[in-house]
Every structure is written in structure tokens, then in C-alpha cells.
Amino acid sequence: MKQKQTLIISVFLVFSNVCLAGGLQFSINSRYLTMGNVPVELYGISIIRYESECTYKDKNWKCGKAAHEALSELLKHDSQPVCIDVYKKPAVDKRLLQVECFLGANNLNAKLVMEGWALTATTPGAPYRHEELVAKNNM
């Protein structure tokens with residue numbers, strides 16, 4: 001169901017601190033998703049800020065807006081996303097949960113990086129570095 005600026009997706013209900021349950025929500029102009037009332041971050045990546053502009057071949061374009069629209073489109077997928085708390089901590093922890101989400105067999109975090117809609121961490125050994133190289137090579 002699509003609302004004015006929020007997309008709500010049902011997620012499989014699994015009673016464990018490993019798989020997260022509830023509705024996965026992403027609001028345009030936000031950097032985070034929520035599951036129920038719990039804010040979550042996509043593990044290993046940063047969604048490009050909505051207000052960001054990028055330059056490609058000497059032309060500026062609204063890459064942040066495009067990234068947010070791409071994430072919204074990915075979440076419209078027919079299969080329901082399943083998200084895993086990579087640190088396996090209970091939701092009472094005060095930090096944002098770091099989740100890795102899957103749409104069917106596809107890793108949502110990796111797909112966003114590979115398509116150039118999210119950035120990886122710059123630290124050595126950071127996840128999704130290969131996908132980032134693929135994105136850079138496809139420019």
C-alpha cells in the first residue's frame with residue numbers, strides 16, 4: 001500500500017531476535033527504515049541523502065531523490081522482504097538495528113550498492129565493496 005510519502009511492506013513474522021518482524025517502512029527523505037516502531041539501518045551501506053546532487057559527465061543531477069525512488073521501487077517487489085539483525089541483539093538495545101534484507105534470493109543491501117543507490121563504508125573489509133566496484137565500472 002503506497003501512502004503519500006511512505007511505503008509499507010509486510011514482513012514475515014518470525015519469533016527470534018535474528019529475523020525481524022512487522023511492517024518494513026521507508027519514508028522518502030529519510031535515511032532509515034522502520035519495522036513497526038523500531039528504526040533500522042541497512043547493514044554496511046548508507047542510503048544517499050535525499051537532498052544530494054551528483055555530477056556525471058559535467059552535469060548535476062538529483063541522485064539522492066533518484067536513490068530514494070529506487071529503494072521505494074525495490075520494496076514494491078512481489079515477494080515479502082525478510083530482514084536479519086546482523087548483530088543478533090534484542091531490539092531493546094539503544095542503537096539502530098543493523099539489518100541485512102532479502103527480497104526472495106536477492107540481497108537488498110547489495111543490490112542498492114551495485115545499482116549505485118547506496119554507498120559502502122570506506123573501511124578495509126567493509127561489506128559490499130565488490131558491488132561498489134561493479135557500480136563504478138558500469139558508469
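Let's start at I45, which touches N109, L112, V113, A118, L119 and Y128, leaving aside residues up to four places away in sequence; contact here means heavy atoms within 4.5 Å. The model is a predicted one, where local features need pLDDT of at least 70 and side-chain atom pairs count only at pLDDT 80 or more, while totals for chains, interfaces and linings use all residues. Residues are numbered from 1 along each chain as its sequence is written, and side-chain values use heavy atoms, with hydrogens and water left out.

I45 also turns up in the largest nonpolar core, a group of 27 residues. A nonpolar core is a set of buried Ala, Val, Leu, Ile, Met, Phe, Trp, Tyr and Cys residues joined through side-chain atoms within 4.5 Å. Buried means under 20% relative accessible area, exposed means over 50%, and partly exposed is in between (1.4 Å probe, protein chains only). Together with I45, the residues with the most contacts inside this core are L33, L42, L71, V99, L108 and L112. Two or more residues each come from β3 (33-35), β4 (38-42), β5 (45-47), α1 (63-74), β9 (97-103) and α2. Of these, α1 gives the most, with six residues. In soluble globular proteins, nonpolar side chains tend to be buried together.

Now zoom out to the whole chain. Its secondary structure comes to three helices and 11 strands, where helices (H or I, at least four residues) and strands (E, at least two) are DSSP runs numbered from the N terminus. Along the sequence, the pattern reads β-β-β-β-β-β-β-α-β-β-β-α-β-α. Of the 139 residues in the chain, 36% are buried. Among the contacts with a separation of 6 or more, 46% are between residues 24 or more positions apart.

Next, follow the chain to helix α3 (residues 129-137), whose buried residues are E131, E132 and A135. Seen down the axis of α3, they fall within an arc of 100°, so they line one face of the helix; that arc is taken from the directions from the helix axis to the C-beta atoms. The face turned away from the buried side carries the exposed residues H130, L133, K136 and N137. And what covers the buried residues? The cover includes α2 (108-114) and β11 (118-120).

Take A135 as an example. It counts as buried because its relative accessible area is 15%. A135 touches V113, M114 and G116, again not counting residues up to four places away in sequence. A135 and V113 are 22 residues apart along the chain, yet their C-alpha atoms are separated by 7.0 Å.

The term stands for a side-chain nitrogen of Lys or Arg within 4 Å of a carboxyl oxygen of Asp or Glu. In α3, the side chains of E132 and R129 meet at 3.1 Å, N to O, and these residues sit three apart, about one turn of the helix. E132 is buried, at 13% relative accessible area, whereas R129 is partly exposed, at 33%. Another salt bridge joins K111 to E115, with the closest N and O atoms 2.9 Å apart. Here K111 is partly exposed at 30%, and E115 is partly exposed at 39%.
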